[in-house]
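Reader: Before I read your helix descriptions, I want the terms behind them. Please take me through the calls one by one.

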Amino acid sequence: MCNRIKEKFYDIVVRESSDLIEKIKEHPFNVELMNSTLDYEKFKFYLQQDFLYLVDCTRALLVIAAKVNDVEIMNSLINVARGTFDVRKQYKKYFEDCDLSDNHKKSRTCSAFTDFFMCAAYHNSVAEALAASYPCFNIYQIVVHHMMNKITSREVKNNKYEGWIDIYNSKTMDAAIYEVTNIINKLYKKAGEYEKKRMSEFFKRGLELELVFWDEVYYFNTPMVKAC
């Protein structure tokens, strides 16, 4: 039983990247968001960037889906892509004052991340490409579950970022993430040793880019510039 669990992509990469995951969980942005003390301008900058990011995340999933031979996996990825894009609607619903628009320019780190997984989607295998995109699903679930273990329902209701927490702490979001996890576990099981190594490398690189994105949002964000 233990050996079967260790063979799963999720268990392996979470264990191997535990140091990065802990840094993200304890990042000041996430800690202060959890405690409702995060500067709202920092949150607005984050949400504006994530609003742009979700377009390319959706696009990458659709490119990957188009390369899949398994029709069931293709259908699952299309459903996940649709749900990913729909998060933008929820952002607009809960945070109307955040100036969410596609007319903004991506920040340096947002561009680095989207360039990374879009390049993987077009030029790498299905398994490697999905591993590059997987951190954007996996880490949000880990962070939000970590938050929910630390705060009570009453504290969530009094949190000015309640809407954001509600989006990611939902059965719908969990179902989508578990669907991606199941797909990537299946792909990993079928992969050769070289491809398995590459999948782990792509996942870790994605996590590193997530971390530098939160660093930029928290420490270096600047007023958004409208695209020409």
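Author: A crossing is left-handed if the near helix is turned anticlockwise from the far one by less than a right angle, and right-handed if clockwise. The crossing of α7 and α13 is left-handed. This is a predicted model: local features need pLDDT of at least 70, side-chain atom pairs count only at pLDDT 80 or more, and totals for chains, interfaces and linings use all residues. Residues are numbered from 1 along each chain as its sequence is written, and side-chain values use heavy atoms, with hydrogens and water left out.

Reader: Why is α7 called roughly antiparallel to α13?

Author: Helix α7 (residues 108–123) packs on α13 at about 160 degrees, with the axes 8 Å apart. Angles under 35 degrees count as roughly parallel, over 145 as roughly antiparallel, 65 to 115 as roughly perpendicular and the rest as oblique. Therefore α7 is roughly antiparallel to α13.

Reader: What makes α5 oblique to α13?

Author: Helix α5 (residues 40–67) meets α13 at about 140 degrees, with axes 9 Å apart. That angle makes α5 oblique to α13. The contact (heavy atoms within 4.5 Å) includes Phe45 and Tyr53 of α5 and Trp214 of α13.

Reader: Which residues of α12 are buried?

Author: Buried means under 20% relative accessible area, exposed over 50%, partly exposed in between (1.4 Å probe, protein chains only). Among the buried residues of α12 are Met173, Ile177 and Tyr188. The buried residues pack against helices including α2 (9–16) and α13 (193–220).

Conventions. Helices (H or I, at least four residues) and strands (E, at least two) are DSSP runs, numbered from the N terminus. Axes are lines fitted to C-alpha atoms, for helices over the stretch in contact, and angles run from 0 to 180 degrees between N-to-C directions.
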